[in-house]
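Visitor: Hi, could you walk me through this one? I'd like to go strand by strand and then look at the charges.

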Amino acid sequence: MTDRPTLEEVLAKKKKKYLIFDFDSTIFTLDLPWGEYLDHVYDQLKAYNEEFFEENAVNNESNFQLINRFTREFGTEPRDITLEYARRFEVEKLDGGTECPAQLAFLREHKDDYVFFIWTSNCTTSVEPVLKENGFYSMFEKIIGRDSVTYCKPEPDGFSQIKRHVLEHIDANATQEDFMMIGDSNSDEGAAYHANIDFFRV
């Protein structure tokens, strides 16, 4: 079995200007009891509309996809309810984090070669302090969290904000070919697919 190419090797063949990183398990791995989070979010959605929950909860999909379905059906209220809990959960339950050394080394080495963004399903209120404490915050042009968008990944809302920022503030001629998403999950890959940009799995 051959080794997977590194991010540097992929970028040597696919020239990019703007690199979009997921956060949790891509840059840092947050120590959070995610099972507790999921149980509570599913209880919230079931309490909001049990019939719709039973019809739409799918085992192999993320909680974010279910939240997106609720948001399409009922507007932003279920999104706001689950977001309020997520903010509180990530602040109150966070018990440290572990560095993802390969990606952090890449950021340090290539901070002058690319424009970096974060597009995460975590809340910016928990991501930004971790980046500041570890000296990475200033490396990122813009940080998009679940509290920045109406629809979470794998929907492309976050990328739309990033591309708009690039077009308005950096390069009015930027295209999808200039971007790459870097992440660890199927949700990240799906987000890249819906945004029509390349994806690198860490």
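**Strands, charges and a few distances**

Guide: Happy to. Let's begin with Arg201, which counts as partly exposed because its relative accessibility is 26%. Keep in mind that this is a predicted model.

Visitor: Okay, what does Arg201 form a salt bridge with?

Guide: Its partner is Glu189, and the closest N and O atoms are 2.7 Å apart. Arg201 sits in strand β7 and Glu189 in helix α9 (residues 186-195), so the pair ties together parts that are twelve residues apart in sequence.

Visitor: And Glu189, is that buried, exposed or partly exposed?

Guide: Glu189 is partly exposed, because its relative accessibility is 38%; the cut-offs are under 20% for buried and over 50% for exposed. There is also a network here: salt bridges that share partners join Lys14, Lys16 and Asp198.

Visitor: How many salt bridges does the structure hold?

Guide: It holds eleven. One of them is between Lys17 and Asp171, with the closest N and O atoms 3.7 Å apart. That pair links distant parts of the chain, 154 residues apart: Lys17 is in the loop between α1 and β1, and Asp171 is in the loop between α8 (157-169) and β6.

Visitor: Are those two buried or exposed, or something in between?

Guide: Lys17 is partly exposed, with a relative accessible area of 42%. Asp171 counts as buried because its relative accessibility is 17%, and buried means under 20%.

Visitor: Switching to strands. What does β6 pair with?

Guide: Strand β6 covers residues 179-183. Strand β1 (residues 18-21) pairs with β6 in the parallel sense over four bridges. Strand β7 (residues 198-201) is also joined to β6 by four bridges, and those two run parallel as well.

Visitor: How many residues of β6 are buried?

Guide: Five of its five residues are buried, so the strand is mostly covered. Phe179, Met181 and Gly183 point one way, while Met180 and Ile182 point the other way.

Visitor: Which way do the β1 side chains point?

Guide: Tyr18 and Ile20 point one way from β1, and Leu19 and Phe21 point the other way; all are buried.

Visitor: And what else is β1 joined to?

Guide: Strand β4 (residues 115-119) is joined to β1 by four bridges, and the two run parallel. Within β4, the bridge partner of Ile20 is Phe117.

Visitor: Nice. Back to charges: which residues make up the patch of negative charge on the surface?

Guide: Asp3, Glu8, Glu9, Glu109 and Asp113 gather in that patch.

Visitor: Where do Glu9 and Glu109 lie?

Guide: Glu9 is in helix α1 (residues 7-13), and Glu109 is in helix α6 (residues 101-110).

Visitor: How do they compare for accessibility?

Guide: Glu9 is partly exposed at 45% relative accessibility. Glu109 is at 58% and therefore counts as exposed, since the cut-off for exposed is over 50%.

Visitor: How far apart are Glu109 and Val149?

Guide: Those two are 40 residues apart in sequence and 30 Å apart in space, C-alpha to C-alpha.

Visitor: Last one. Where is the place of Gly75?

Guide: Gly75 is in the loop between α4 (63-74) and α5 (77-93). Its relative accessibility is 29%, so Gly75 counts as partly exposed. From Gly75 to Asn134 is 37 Å in space, C-alpha to C-alpha, and the two are 59 residues apart in sequence.

Key:
Residues are numbered from 1 along each chain as its sequence is written. This is a predicted model: local features need pLDDT of at least 70, side-chain atom pairs count only at pLDDT 80 or more; totals for chains, interfaces and linings use all residues. Side-chain values use heavy atoms; hydrogens and water are left out. Patches are made of residues with over 30% relative accessible area and no salt bridge: like charges are joined within 9 Å, nonpolar side chains (Val, Leu, Ile, Met, Phe, Trp, Tyr) within 5 Å. Accessible areas come from the Shrake-Rupley method with a 1.4 Å probe; for residues, only the protein chains shown count as cover. A salt bridge is a side-chain nitrogen of Lys or Arg within 4 Å of a carboxyl oxygen of Asp or Glu. Lys and Arg count as positive and Asp and Glu as negative; His and the chain ends are not counted. The place of a charge is taken as NZ of Lys, CZ of Arg, CG of Asp or CD of Glu. Buried means under 20% relative accessible area, exposed over 50%, partly exposed in between (1.4 Å probe, protein chains only). Two strands pair if DSSP finds at least two bridges between them.
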